Amino acid sequence: GEPMLDEIAAAFGPEMIDASGALDRAAVAAIVFRDEQARIRLGEIVHPPVVAEMMRRSKAAADAEAPVVVVDIPLLFEGAKAGRGAASVMSFDATVAVWVPAEVQIERTVSRDGCDRDEAKRRVDAQLPIDEKREMADYVIDNSGPAEATERQVRALFDALTHRDSEAEKD
């Protein structure tokens, strides 16, 4: 099979791979959001190939003179604090946190992942508090209002990053 999946199965058990040979994300999540050592081990398996691919794609975009290259890294700030993951090997011109109140973060995790509230809270609690991420970021997008308000902030941030006139909030 795929080397990364084989390594995950070896580390966490063959039940991490579903009948079709794909990663069973729910099974992996059930383990790593309850056990910090398991989460670190998963990162050791996943980060090297993922970071290499992010770097390859970022370079290709820069070579093509893309006005902005966005790299979406769910645990960037946790990695920065721990000295692990993409944060430890990649440099960025700016970081952006997409913020909502912690309670909204829990509600959205329930609806996105189909898990119960306790599981969603465990997943949110396994991360740095969102307000701490907000403090660490160069820019903050407040995603707690209507989609149109979020979109306005993203457009303003794009304009700021591409040096167009803008009202982007710089922290």
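Helix α6, which covers residues 102-113 of this predicted model, has 12 residues and reaches 16 Å from its first C-alpha to its last, close to the 16 Å expected at 1.5 Å a residue, where the expected span is 1.5 Å times one less than the number of residues. Helices here are DSSP runs of H or I with at least four residues, strands are runs of E with at least two, and both are numbered from the N terminus.

Which residues of α6 are buried? They are Q105, I106 and T109, with buried meaning under 20% relative accessible area for a 1.4 Å probe, protein chains only. Because these residues cover an arc of only 100 degrees around the axis, they lie on the same side of α6, the arc being that of the directions from the helix axis to the C-beta atoms. Their cover includes α7 (117-125) and α8 (130-136).

Two packed helices are described by the angle between their axes and the distance between the axes. For α6 and α7 the angle is about 120 degrees and the axes are 9 Å apart. The contact, meaning heavy atoms within 4.5 Å, is made by residues including Q105, I106 and T109 of α6 and A120 and V124 of α7.

Turning to the whole protein chain, there are 9 helices and 2 strands, and buried residues make up 29% of its 171 residues.

Residues are numbered from 1 along each chain as its sequence is written. Local features need pLDDT of at least 70, side-chain atom pairs count only at pLDDT 80 or more, totals for chains, interfaces and linings use all residues, and side-chain values use heavy atoms, with hydrogens and water left out.

Definitions and conventions: Buried < 20%, exposed > 50% of the residue type's maximum accessible area, 1.4 Å probe, protein only. Axes fitted to C-alpha atoms, helices over the stretch in contact; angles between N-to-C directions.
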